[in-house]
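The sequence and the structure come before the analysis.

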Amino acid sequence: MSDGLGSGHSLRSNSSNIITAQFSQATTRKKAAHWTVEEETAFLGFLQGELSKFSDGNFRKPAFTAAANFLMAKFPLCSINGEMAGEKTLEMCDCKFNSQFKQLYHAVVNLKNASGFMYCNKLSAGRDHG
């Protein structure tokens, strides 16, 4: 029953339509970027080469923007299992470096410092037999 102020629909049905519309907009995401070892190596090499230009110890947006442009020029988007992979954006480059690569770096540092373990840059990880 309507109170004469609305469209004749209850507030409950109207609010569920709004929530559904908001939910469908919120779940739209960019395609994930697929990283190959060659792309990761090129990415780190680019950042290393630009270290003095873009960094005071921490990379910022301009560095990741330049890295994303470099990667897009060197590695055009490709199809993976019949679907186009997501592009390497500034956000994806930032996430790759600040999340994944830093975690791996800290894991190696922790291994190097752990008692009973050794880590050599040439030989990798092993047990200390001393």
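Contact here means that heavy atoms lie within 4.5 Å of each other. The model is predicted. Under that cut-off, and leaving aside residues up to four places away in sequence, Cys93 touches Trp35, Phe43, Phe64, Ala67, Ala68, Leu71 and Lys88.

**The nonpolar core**

Cys93 belongs to the largest nonpolar core, which holds 17 residues; Cys93 is among the members that touch the most others, together with Phe43, Leu47, Phe64, Leu71 and Phe97. Two or more residues of this core are supplied by each of α2 (37–49), α4 (61–74) and α5 (90–113). The largest share, six residues, is that of α4. In soluble globular proteins, nonpolar side chains tend to be buried together.

**Helix α5**

The 24 residues of α5 span 33 Å from the first C-alpha to the last, close to the 34 Å expected at 1.5 Å a residue. At Lys102, α5 bends by about 30°. Its buried residues are Cys93, Lys96, Phe97 and Phe101, and the elements that cover them include α2 and α4.

Two packed helices are described by the angle between their axes and the distance between the axes.

| Helix pair | Angle between axes | Distance between axes |
|---|---|---|
| α2 and α5 | roughly 95° | within 12 Å |
| α4 and α5 | about 110° | 8 Å |

The axes of α2 and α5 cross at roughly 95°; angles of 65 to 115 degrees count as roughly perpendicular, and α2 and α5 are therefore roughly perpendicular to each other. Glu40, Phe43, Leu44 and Leu47 of α2 make this contact with Cys93, Lys96, Phe97 and Phe101 of α5.

For α4 and α5, the packing angle is about 110°, which makes α4 roughly perpendicular to α5 as well. On the α4 side, the residues involved are Lys61, Phe64, Thr65, Ala67, Ala68 and Leu71; on the α5 side, they are Leu90, Cys93, Asp94, Phe97 and Asn98.

Is Ala32 buried or exposed? Ala32 lies in the loop between α1 (11–26) and α2. Because exposed means over 50% relative accessible area, Ala32, at 61% relative accessibility, counts as exposed. Although 56 residues separate Ala32 from Lys88 in sequence, their C-alpha atoms are 8.8 Å apart in space. Lys88 is also one of the residues that Cys93 touches.

Definitions and conventions:
Residues are numbered from 1 along each chain as its sequence is written. This is a predicted model: local features need pLDDT of at least 70, side-chain atom pairs count only at pLDDT 80 or more; totals for chains, interfaces and linings use all residues. Side-chain values use heavy atoms; hydrogens and water are left out. A nonpolar core is a set of buried Ala, Val, Leu, Ile, Met, Phe, Trp, Tyr and Cys residues joined through side-chain atoms within 4.5 Å. Buried means under 20% relative accessible area, exposed over 50%, partly exposed in between (1.4 Å probe, protein chains only). Helices (H or I, at least four residues) and strands (E, at least two) are DSSP runs, numbered from the N terminus. The expected span of a helix is 1.5 Å times one less than its number of residues. The bend at a residue is the angle between axes fitted to the seven residues ending there and the seven starting there. Axes are lines fitted to C-alpha atoms, for helices over the stretch in contact, and angles run from 0 to 180 degrees between N-to-C directions. Angles under 35 degrees count as roughly parallel, over 145 as roughly antiparallel, 65 to 115 as roughly perpendicular and the rest as oblique.
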